[in-house]
Amino acid sequence: MIKVNICITNNILSKKVIFMNKEKKRIASIINELIYFLLKNNATNINIEIKDKEKFTIVELTIKDKFYIDKKEIRELKEKLDIPRVEEIEEYYWQLAGNIEGKESLFLIGNMINDSNVYYNKSQEFKIVICRMKDIKSK
């Protein structure tokens with residue numbers, strides 16, 4: 001059985017609707033790709049927390065059960081997420097997130113976020129935290 005819990009907090013007062021919808025679609029694409037990565041690695045209890053602030057969004061994906069993932073997979077995940085955000089790549093290719101196979105999709109996610117952290121400890125607790133600024137800035 002696969003369990004996904006989602007918690008969304010929103011502290012935004014007012015914004016342009018078109019920008020919000022575009023931004024939310026991009027956040028959903030990022031989350032979709034990260035969930036696929038976790039499911040592909042046999043995660044079974046995924047908690048998703050989305051903190052939607054005025055200038056940025058933070059997404060935390062936490063595995064609630066014991067989870068084993070190869071150190072090589074963690075290293076590759078960190079490398080793909082830890083690349084500079086590139087507006088041109090994001091603008092043209094963001095809709096492919098979640099729709100392409102392999103490591104290229106994680107590379108695309110790295111181009112769409114400003115910061116990321118991957119936590120994994122000996123008790124097999126696993127967490128991915130990403131931050132995306134709403135106005136484009138480099139990492």
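# Briefing: a predicted protein model

Alanine 43 touches Leu38, Ile63 and Phe67, leaving aside residues up to four places away in sequence. The model is predicted. The protein has four helices and five strands. Along the sequence they follow the pattern β-α-β-β-α-α-α-β-β.

**Overall picture**

- The protein has 139 residues, and buried residues make up 40% of them.
- Its accessible surface comes to about 8400 Å². Carbon and sulfur atoms account for 53% of that surface.
- Take the contacts in the protein with a separation of 6 or more: residues 24 or more positions apart account for 73% of them.

**The loop between H1 and S2**

- Alanine 43 sits in the loop between H1 and S2. Is alanine 43 buried or exposed? Its relative accessible area is 3%, so it counts as buried.
- The C-alpha atom of alanine 43 is 9.0 Å from that of lysine 64. These two residues are 21 residues apart along the chain.
- Asparagine 42 lies in the loop between H1 and strand S2 (45–52) too. Asparagine 42 has 63% relative accessibility, so it counts as exposed.
- Most residues other than glycine have a negative phi. Asparagine 42 is not a glycine, yet its phi is positive, at about 70°.

**Aromatic rings**

- How many aromatic pairs does a search of the whole structure find? The search finds two.
- Phe67, Tyr120 and Phe126 form one aromatic cluster. Phe67 is also one of the residues that alanine 43 touches.
- Tyrosine 120 has 28% relative accessibility, so it counts as partly exposed. Phenylalanine 126 has 1%, so it counts as buried.

**Helix H2**

- Helix H2 covers residues 71–81. Which residues of H2 are buried? They are Glu73, Ile74, Leu77 and Leu81.
- Seen down the axis of H2, these buried residues fall within an arc of 100°, so they line one face of the helix.
- An α-helix has 3.6 residues a turn, so residues three or four places apart point the same way.
- Aspartate 70 caps the N-terminal end of H2. A side-chain oxygen of aspartate 70 lies 3.0 Å from the backbone nitrogen of lysine 72.

**Salt bridges**

- Side chains of opposite charge can pair when their charged atoms come close. A search of the whole structure finds five salt bridges.
- One of them joins the side chains of glutamate 23 and arginine 132, at 2.6 Å from N to O. This pair links distant parts of the chain, 109 residues apart. Glutamate 23 is in helix H1 (residues 17–40), and arginine 132 is in strand S5 (residues 126–133).
- Are glutamate 23 and arginine 132 buried or exposed? Both are buried.
- Another salt bridge joins the side chains of glutamate 60 and lysine 127, at 3.5 Å from N to O. Glutamate 60 lies in strand S3 (residues 56–63) and lysine 127 in strand S5, so the pair ties together parts that are 67 residues apart in sequence.
- Glutamate 60 has a relative accessible area of 16%, so it counts as buried. Lysine 127 is at 26%, so it counts as partly exposed.
- Lysine 51 forms a salt bridge with glutamate 49. Their closest N and O atoms are 3.8 Å apart. The cut-off for a salt bridge is 4 Å.
- Lysine 51 has 24% relative accessibility, so it counts as partly exposed. Glutamate 49 has 23%, so it also counts as partly exposed.
- Which residues are linked in a network of salt bridges? Glu49, Lys51, Glu60 and Lys127 are.

Terms used
Residues numbered from 1 in each chain as written. Predicted model: local features only at pLDDT ≥ 70, side-chain atom pairs only at ≥ 80, totals over all residues. Heavy atoms only, no water. Phe/Tyr/Trp six-rings, centres within 6.5 Å; stacked < 30°, edge-to-face > 60°. Buried < 20%, exposed > 50% of the residue type's maximum accessible area, 1.4 Å probe, protein only. Helix = DSSP H or I, 4+ residues; strand = E, 2+ residues; numbered from the N terminus. Arc of directions from axis to C-beta. Polar contact = N/O pair within 3.5 Å; in protein donor to acceptor, adjacent residues only side chain to side chain. Contact = heavy atoms within 4.5 Å. Areas by Shrake-Rupley, 256 points an atom, 1.4 Å probe, with all protein chains shown as cover.
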